[in-house]
Amino acid sequence: MRLAAILAAAALTGAIAQEPPRPYPSKGGIEFQSPTVRAMQVDEFANPGLLWVERGQASWNQRCVGCHGDAKQSMKGASARHPRFDPVLGRVVNLEQRIDACIVTKQKAAPLPYESEELLGLTAFVGAQSRGIPMQVSIDGPGRATYERGKALYNERQGQFNLACHHCHDSNYGRKMLHDTVSQGHPVDWPAYRLEWQTMGSLHRRLRACYFGVRAEMPPYGAPDLVALELYLGARAQGLAASVPGVRR
């Protein structure tokens, strides 16, 4: 409800300007947070997301180490390359879906549900192995159609507020919507711990919150449209360093 209230107020006051995108140097989302939140993210003791990284390491040692060995080596850069086209599955998958595919096909186990503690932990742990590595998703070849779908969604007006992603994250980044500073929408540090949620959350949870905020129908977790948006956002963030786990207000 809070995000919906912010967007409603912004729409009524004209805070979301309907103007062309502004040129910008790319900045990660943490650079639009308060000094307190920025300090929390980089603090190895204060960042609450590191609790999920520890849980993910425990799950890794139980489920994954037998095949993949030391994650510092085998998973280095993996998060920075996702979403990516998986030739076995025949579609673009994000990191959560890649982890679940391994669990289902290799371990013959049930997939881990989105937003479950174990999947968030594993995703955060694997993501942490890419910290400092520039985003480098591929949008060529068989993944191109998914990228183009994500680009179209990013620029498509949606919901009762009739807004597109670019109205906030291109035209109005750095400006205030009530107490929030609008970021450029780069997904370099997700999954992230959000203080408002008081827990860790996936990028799909954050994207669904945006759908809710503009009063549009929310796609289910893992939906092709959310994966397409994630790929497009990853391509926009090309060259920015991954920094999982993130912290947000």
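Where is the place of G222? In this predicted model, G222 sits in the loop between α10 (203-213) and α11 (224-236). The C-alpha atoms of G222 and E96 are 126 residues apart along the chain, yet 8.5 Å separates them in the model. Leaving aside residues up to four places away in sequence, G222 touches Q97, Y114, H204 and V227.

**The chain as a whole**

The chain holds 11 helices and 7 strands. It has 249 residues, and buried residues make up 54% of them. Among contacts with a separation of 6 or more, 71% are between residues 24 or more positions apart. The accessible surface of the chain comes to about 11800 Å². Carbon and sulfur atoms account for 56% of that surface.

Two packed helices are described by the angle between their axes and the distance between the axes.

| Helix pair | Axes come within | Crossing angle |
|---|---|---|
| α6 (residues 95-107) and α7 (residues 117-128) | 10 Å | roughly 110 degrees |
| α3 (residues 50-63) and α7 | 7 Å | roughly 95 degrees |

The axes of α6 and α7 cross at roughly 110 degrees. Angles of 65 to 115 degrees count as roughly perpendicular, and α6 is therefore roughly perpendicular to α7. The crossing of α6 with α7 is right-handed. On the α6 side, the residues in this contact are L95, E96, I99, D100 and I103, and they meet L119, L122, T123, V126 and G127 of α7. By class, the residues of this contact comprise 6 nonpolar, 2 polar and 2 charged.

The axes of α3 and α7 cross at roughly 95 degrees, and these two helices are therefore roughly perpendicular to each other as well. From α3, the residues W52, V53, R55, G56, Q57, S59, W60 and R63 take part in the contact. Their partners in α7 are E117, E118, L120, G121, L122, A124, F125, V126 and A128. This contact of α3 with α7 has 9 nonpolar, 4 polar and 4 charged residues.

**Backbone features in the loops**

P83 has its place in the loop between α5 (71-74) and β1 (84-86). Another cis peptide bond joins W190 and P191, with omega of about 5 degrees. P191 lies in the loop between β4 (180-181) and β5 (192-194).

Positive phi values are also found in residues other than glycine. E115, which is not a glycine, has a positive phi of about 70 degrees. E115 belongs to the loop between α6 and α7, the two helices whose axes come within 10 Å. N162, likewise a residue other than glycine, has a positive phi near 55 degrees. The loop that holds N162 runs between α8 (144-154) and α9 (165-169).

Is N162 buried, exposed or partly exposed? The relative accessible area of N162 is 39%. Buried means under 20% and exposed means over 50%, with partly exposed in between, so N162 is partly exposed.

Key
Residues are numbered from 1 along each chain as its sequence is written. This is a predicted model: local features need pLDDT of at least 70, side-chain atom pairs count only at pLDDT 80 or more; totals for chains, interfaces and linings use all residues. Side-chain values use heavy atoms; hydrogens and water are left out. Helices (H or I, at least four residues) and strands (E, at least two) are DSSP runs, numbered from the N terminus. Buried means under 20% relative accessible area, exposed over 50%, partly exposed in between (1.4 Å probe, protein chains only). Contact means heavy atoms within 4.5 Å. Accessible areas come from the Shrake-Rupley method with a 1.4 Å probe; for residues, only the protein chains shown count as cover. Axes are lines fitted to C-alpha atoms, for helices over the stretch in contact, and angles run from 0 to 180 degrees between N-to-C directions. Angles under 35 degrees count as roughly parallel, over 145 as roughly antiparallel, 65 to 115 as roughly perpendicular and the rest as oblique. A crossing is left-handed if the near helix is turned anticlockwise from the far one by less than a right angle, and right-handed if clockwise. Ala, Val, Leu, Ile, Met, Phe, Trp, Tyr, Cys and Pro count as nonpolar, Asp, Glu, Lys and Arg as charged, and the others, Gly among them, as polar.
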